Structure formats: C-alpha cells, structure tokens
Amino acid sequence: MDFPERFSNLPAYAFPRLRALLDHHQPGGDVVHMTIGAPTHDFPAWVTDVIMENAAGFQGYPPNEGSDDLRSAITGWIKRRYGVQMDPDANVMALNGTREGLYNAAMALCPEQKNGEQPIILCPNPFYQVYMVASLSVGAQPYFVPATAATGHLPDYAGLPEDVLNRTAVAYICSPANPQGAVASRDYWTELIRLAEQYDFRIFADECYSEIYREEAPTGVLTVAQDLGADPERITLFNSLSKRSNLAGLRSGLIAGGTETIKQVKQLRTYAGSPLPLPLQAAAARVWADETHVEQNRALYQEKYAIADEVFAGVQGYMSPEAGFFLWLPVENGEDTALKVWKETGVRVLPGAYLSQGDPGQNPGTGFIRVALVAPKTELQRGLITLRDCIYS
C-alpha cells in the first residue's frame, strides 16, 4: 500500500524526541518537569459548576461556529483587550483549541499558487510545529526565518529576498514568542502589515501567550491593523483559554478576522471540524467574560519571573522574558545539556533544537534549552537553582 510522501520527512515531534533522549537513563535526583508548557495554576472553581448546570447539552450536537453566548463573550473580550469591535456572527468563530485553527486556516485560505509559483508560508524559527505541517498539507513551502538575538527574537520578514516575498501567501507570527518570550511592538506589527500589503499575503497572528506578561499588555495585531486601516481579510488572530485561564483541557480557542476569512474557515470546519460540546461552550463563555482570575494568574507568573531573574542573575546571556512562561537559556549544546541535567539532577528540560529547523550549525535552537515556568513556586525555585548549578557553575 502506498503512503503520501508529503509528510515523509517530518522530524519526530519534540516530546517523543525528548523521551528517546532521556528515558533510557535514570534521573540523577528527584524529577522536576520543566519541559511542557502545561499550566498548573488553578482555574476558576466555578467552571465545573457551569458545566454541571449545562450538562443536558451533552445530548445535542454543538453548533459548529460556537454558541451565540460564546461568540458574544469572545467579541466582548476582543473589544476590551484590543479596542476592536467585531461582529459575533461574521468575524469570529470558536475553535477546539488554537492548533486546530492554525492548521485549518492554512487549509481554507492558502492559494494553490502565488504569482504562478508554489506558495511560500513564512514561519519563525524556532516555531510551533503546526505551522510547518499546515504548510506541507496545502502544498506550500514552509520557509523558516531565524528569530535570534540579532533580530530581537522575532523573525525579520522584511529582510527577506524579494523573490521569496513575491511567493509568500501566509506569514505565521507568534507574539509573545514561544519559546523566547519576545513581544512584537507596535512598530513591528506596523512594518509586517505594510509588508503584507505590499506583497499581498496574509498574517496569521498566534497570540496565545498574550495575557501572561510583566506590567504592560503586549500590543495586539488587531489594534494596529485597525489604527492603520488595514484590510480585515489580511489579518487573522488566534487565541485560547489554555494559558490565559489555565484551561488547556477545555479546548476553547478563537479565530477572528474579516468576514470572508471567517466564512471560508467556517465552511471547511463544517466538514472537518470538531466543535466543543455545549456544556464546555457555556463554561468557556463565562471564562472569556471574566478578568479577575486572569489578573490573579498573571500575578503568579510575575512572581515566577522574579524567581528566575534572581536565580540567573549574573549568568552571561540570560534573557529575562518579556512575556509568556518560558526561559530560553543559552548553553553550548541544548541536547547535550538536557541529557547532562537529567542524568545528574533529575531536572527535565527541552533542547532548543527540537523546536527549530536547520542543519547542524544552522539550527537557531541548538545553543539553547527551553524551561517552562509552570511548576509550583517552591518546586520551580528548586529546579531553577539545580539547573543553574549544574549548567553554569
């Protein structure tokens, strides 16, 4: 039996690679998990009450695009957060987590050709793996653009050759960036939107970490696009409750964009989507409408930033994140370091190269490890001190 070749060269996903690297070695101490960005802070206690109150909804098929209440809650949040008024019937749709939307948006919106050639989809490097798979699925060429210290840990799309930009159909951008925690400024968004207008491509803005930050909320692409008077069809926003509200398992995400954009994605999702059950949609609507728990969650991460800054004070190359909940720590070789730390201490971290593409010597993640700041504070502090003493002493 034949199988398609388009996915034959995919690297193993980051976490199976990590298990293959570490799991046949014994940990050198009590295990501290600092690899996966799975939030551990409490979600609002009333979430389960809302689900139970609406449990009869499990009997019915949920609406594909999200309930009226959920879409209204999402547009209400967008108005509060970004100052942008959107039509809940035409400009937003509920997702089963943002990964689904980031994939299906490419399927629904990337053309088969761009200026008579194979389209290019721009991806930051390091990157969220779904960007690459979505590109391959639509017959586009994923084009990886390094996001390094030299570019402020965001991709310099404006510096690309004209022949690449002429073929570009979509540009994925993550702000705050995973894993570096860098935030796209108003100037960055402005330049990217102007570039997209000049070369006629779409911007897929993955802002899943937008509500975890130090003091000032990151500027969102929708705000800048509105201020510039940009074509709403050119900008598509993705976000979710996973990080904002510690509800990764609720699978409540959103996509927001122009009327025709949402129409096209909605049409595809009618055939291939997996909408949230109605009781979960009811809970999600309440969560999107509440900011108190988000402020409390953000305060906990701010305490964790302070712990990390204290532990790594004086470490050459340490970069305190602007937002998000990862550290992007410089090392000689991330894979060697992750194995050393596991065997000597039991702390489990992720090699940066597992989040990036590139041959040896050209992979921008090779000299880094990613460390998730999701453990309880006491465990986190112990893990970070252990990590520092193992790597940098």
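View 1. At 28% relative accessibility, R251 counts as partly exposed (buried is under 20% relative accessible area, exposed over 50%, partly exposed in between; 1.4 Å probe, protein chains only). The model is predicted: local features need pLDDT of at least 70, side-chain atom pairs pLDDT 80 or more, while totals for chains, interfaces and linings use all residues. Residues are numbered from 1 along each chain as its sequence is written, and side-chain values use heavy atoms, without hydrogens or water. R251 is found in the loop between α9 and β8; helices (H or I, at least four residues) and strands (E, at least two) are DSSP runs, numbered from the N terminus. Its phi is positive, near 60°. N246 lies in the loop between α9 (241–244) and β8 (252–256). N246 also has a positive phi, about 60°, although it is not a glycine. N246 is buried, at 6% relative accessibility.

**View 2. Two cis peptide bonds.** Most peptide bonds are trans. The bond from N125 to P126 is cis, with omega near 15°. P126 lies in the loop between β3 and α5. A cis bond also joins N178 and P179, with omega about 20°. P179 is in the loop between β5 (168–174) and α7 (186–199).

**View 3. Aromatic pairs.** Rings of Phe, Tyr and Trp (its six-membered ring) pair if their centres lie within 6.5 Å; planes under 30 degrees apart are stacked, over 60 edge-to-face, the rest tilted. The count is 16 aromatic pairs. F127 and F144 have ring centres 4.9 Å apart and planes at 35°, so this pair is tilted. F127 lies in the loop between β3 (120–125) and α5 (129–137), F144 in strand β4 (residues 141–146), so the pair ties together parts 17 residues apart in sequence. F127 is buried, at 3%; F144 is partly exposed, at 22%. Y188 and W189 pair edge-to-face, 6.4 Å centre to centre, with 80° between planes.

**View 4. Arginines over rings.** A charge sits over a ring if NZ of Lys or CZ of Arg is within 6 Å of the ring centre and within 35 degrees of the ring normal. The charged end of R348 sits over W342, 4.8 Å from the ring centre. R370 lies over the face of F326, at 3.9 Å.

**View 5. Helices α13 and α14.** Helix α13 (residues 334–345) packs on α14 (residues 377–392) at about 115°, axes 10 Å apart. Axes are lines fitted to C-alpha atoms over the stretch in contact; angles run from 0 to 180 degrees between N-to-C directions. Contact means heavy atoms within 4.5 Å. T337, K340, V341, E344 and T345 in α13 meet T386, L387, C390 and I391 in α14.
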